[in-house]
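Take a look at it, then read on.

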Amino acid sequence: MKATDGFTSSNLIGVGSFGTLYKGILSDGEKPISIKVLNLEQIGSSKSFVTECEALRKTRHGNVLKIITACSSVNHAGDDFKALVFEYMANGSLEDWLHSREDTSHQERNLSLSQWLNIAINVACALEYLHQHCETPIVHCDLKPANVLINEDMTAHVGDFGLAKFLTVNSSNSDGGQTNSLSI
């Protein structure tokens with residue numbers, strides 16, 4: 001609450017199906033963070049919170065959004081409160097760039113061909129890691145431009161793992177190549 005100045009609208013980054021995203025600063029001089037506050041009245045938001053925590057707990061890759069911490073508590077009014085704290089992505093989402101919205105300085109935002117290519121490579125690297133190199137392979141299940149976030153160096157990060165599925169190898173399968181979807 002303190003990091004976002006009471007979740008004020010001036011710190012609002014966006015609203016999604018399961019929650020609201022705010023920009024915040026934990027203490028003076030530190031880098032900004034993003035705080036995703038779950039809307040617990042929305043059906044499925046608690047399951048999404050658990051899935052996202054589980055998926056991000058198991059990932060360590062430069063193109064997967066880094067989670068700083070998770071909060072599951074009770075707020076000042078005595079209601080359940082769940083939030084995720086992430087690295088702040090200064091250049092927003094790929095969705096913002098695709099639709100060429102003006103930035104705060106009223107300049108049109110355009111990407112060069114090499115930036116487009118680097119974003120595509122970043123996303124492909126993240127997916128290859130999730131599918132091939134995690135202890136339990138993870139399928140994102142909600143990959144879209146709004147969930148590809150871009151930091152200050154124009155490096156893309158895949159985020160929002162609330163609908164992710166974990167794949168386990170079927171032990172009764174002799175060739176080991178088939179997988180079954182196992183949801184949390």
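Q: How many disulfides does a search of the whole structure find?
A: The count is 0. To score, a pair of cysteine sulfur atoms would have to lie within 2.5 Å. Before we go on: this is a predicted model, where local features need pLDDT of at least 70 and side-chain atom pairs count only at pLDDT 80 or more, while totals for chains, interfaces and linings use all residues. Residues are numbered from 1 along each chain as its sequence is written, and side-chain values use heavy atoms, with hydrogens and water left out.

Q: Why is Cys 71 called partly exposed?
A: Its relative accessibility is 29%. Buried means under 20% relative accessible area and exposed means over 50%, with partly exposed in between (1.4 Å probe, protein chains only). So Cys 71, at 29%, counts as partly exposed. Cys 125, with 33%, is partly exposed as well.

Q: What stands opposite Cys 71?
A: Ala 83 in strand 5 does. Strand 4 (residues 67–74) and strand 5 pair in the antiparallel sense over 7 bridges, and two strands pair if DSSP finds at least two bridges between them. They form a hairpin with 5 residues between them, and Gly 78 in the turn has a positive phi of about 85°.

Q: How many helices and strands does the chain have?
A: There are 3 helices and 10 strands. Both are DSSP runs numbered from the N terminus: helices are H or I with at least four residues, strands are E with at least two. From the N terminus on, the order is β-β-β-α-β-β-α-α-β-β-β-β-β.

Q: What makes Asp 5 exposed, and what is its relative accessible area?
A: The value is 56%. Asp 5 is exposed because of that relative accessible area of 56%. The residue lies in the segment before strand 1, and its phi is near 55°, a positive value in a residue other than glycine.

Q: Why does Asp 160 count as partly exposed?
A: Asp 160 has 25% relative accessibility, so it counts as partly exposed. You'll find Asp 160 in the loop between strand 8 and strand 9 (165–169). Its phi is positive too, about 60°, although it is not a glycine. Most residues other than glycine have a negative phi.

Q: Which residues touch the most other members of the largest nonpolar core?
A: Out of 29 residues, they are Val 64, Ile 119, Leu 130, Ile 138 and Phe 161. Helix 3 supplies the largest share of this core, 5 residues. A nonpolar core is a set of buried Ala, Val, Leu, Ile, Met, Phe, Trp, Tyr and Cys residues joined through side-chain atoms within 4.5 Å.

Q: Why is Asn 118 called partly exposed?
A: Asn 118 has a relative accessible area of 41%, so it is partly exposed. This residue lies in helix 3. Its C-alpha atom and that of Met 154, 36 residues apart along the chain, are separated by 8.5 Å.

Q: How much of the chain counts as buried?
A: Of its 184 residues, 35% do.
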